[in-house]
Amino acid sequence: MILNTTLKMEKAMAQAENYSDWSDAAAAHDRASGVDKWKKSDESKHFDYVSIRRRLRRLVKLSKAQDNAGLLYALNEGIHGNMDGMGNDRLHQKAKFGTKKLIEDYVDAIVNALEYLASDKVDDIPFEEKLDFFRRAQHCYGRSAFLMSGSGAFLYFHMGVVKALWQEGLLPQIMSGSSGGSIVGAVISTHVDKDIPSFFDPENLVDDHAEEIVASSGFGLFGNAKRLTTDEIRGRINNMIPDLTFQEAYELTGRHLNVSVAPAEKHQTARLLNAIASPNVYIREAVMASCAVPGVFPPVTLAAKDHNGARKPYLSNRKWVDGSVTHDLPAKRLARLYGVNHHIVSQANPLVTPFATDVKQLRNPISSIRNATTSTMKAWLNANVEIMHKPLSYFPRLNSLANMTLSVINQDYTGDINIIRPTMFWSPAKILSDLKVDEIAELIQLGERTTWPKIEMVRTQTKISQTLDRILFDYETELAHDHAALMTRQIA
């Protein structure tokens, strides 16, 4: 009977048309399989449940007593990422939906306490003291970012992931993208909230004229597929992305867009373009550069808005190419710029996904052997390129290819929460080709469905940081208004 019920729920999950239906079926599966008992029980070897239960009781007691000073003190010592091991990925693998109720209750208690202390109800703690606390809390807890890999035409998988997170209010304000991922990141970061849902409709993401061309053209043994030209890519980017600088986009949407680009020449370093490091650079050219696959599309010169508002070349003697070559997922740079310590990764890179796994989920002898073999292979390749450095220097193109290969091999392609595109038996020609509406729809839906099992993990692990971001934004806005009002009075 139990087996029949769980099989029925698995079928319902597979056939679900939206996250609401999927989550209902997943929760029913947990009840039928008995996993609900595990969720309701505190006990687990994967986190310090005794400490978390004690902290939760203390928060509840202080909140009921309206001991605001005591509550502030308790939060000061208890707001840290992965407190007592709560972020252990094993805690999100047993159940189809959610995790330990204790963890969810504790996170909710922290969030409720933060919102209460930030409110006007608490008037016995000065605004300046509150602001100082929330700034320190955000710094200690850290922030989440959403990273989209290089992808080619599989960029629509990223759009599906974004759609699933967006509809649940879980898309981080900090995001990065390289190659195809930069297109999706730029679309989201240059449009206000009310305009974003239209980009989840495949009909709005295809060029009808181009689709007619694809349908009537051939591509050798690979069937119908037409590789996009540079001008066609530029046209698509111009249609989807407003002509804004990184700073202008941030001021419009409040989202922190980061685009990875790699240097086309040697002796240069890769760049992560954003409103902090390159505020006046135009996003369209940055995305074009990040999409310039070496050997396929020509490198790109960036453009920026000068002090007179005119469009000028940015570092005119430098050209840039596909950002995924050097920094597919620029986790360290995001950490330095924004205090990011939690990474949600949408991985659709066709060079990576056939071998990519969420390594945190595979702690067993087989995976240990595989990881050791991979590390040995990387070390062997690096050593051989180093040995061949002098001979390769006589063949610039070969030397460049060897260095590029090492750069790709040596990168880390996963984060804390990984949404990895499942293997698809598509023609290799499609990777840089124009896709039809039904193919775009298939990829968007695949991105959504691959994200659904991760939604509650994202919700639990980002709820506190999102609350701190929201509170600080409101506080900083109030502070800016007060300062402006004071300046107005002084002038008057």
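1. Which residues of strand 2 (residues 174–177) are buried on one side, and which on the other? Ile174 and Ser176 are buried on one side and Met175 and Gly177 on the other, so both faces are covered, where buried means under 20% relative accessible area, exposed over 50% and partly exposed in between, with a 1.4 Å probe and protein chains only. Strands (E, at least two residues) and helices (H or I, at least four) are DSSP runs numbered from the N terminus.

2. This is a predicted model, in which local features need pLDDT of at least 70 and side-chain atom pairs count only at pLDDT 80 or more, while totals for chains, interfaces and linings use all residues. Residues are numbered from 1 along each chain as its sequence is written, and side-chain values use heavy atoms, with hydrogens and water left out.

3. Strand 2 pairs in the parallel sense with strand 1 (residues 143–148) over 4 bridges, and with strand 3 (residues 256–263) over 4 bridges, two strands being paired if DSSP finds at least two bridges between them. Methionine 175 is the bridge partner of phenylalanine 146, and histidine 256 in strand 3 is that of isoleucine 174.

4. In helix 11 (residues 230–240), the buried residues are Ile233, Arg236, Ile237 and Met240. They lie on the same side of helix 11 because they cover an arc of only 95° around the axis, taken from the directions from the helix axis to the C-beta atoms. Asp231 and Asn239, on the other side of helix 11, are exposed.
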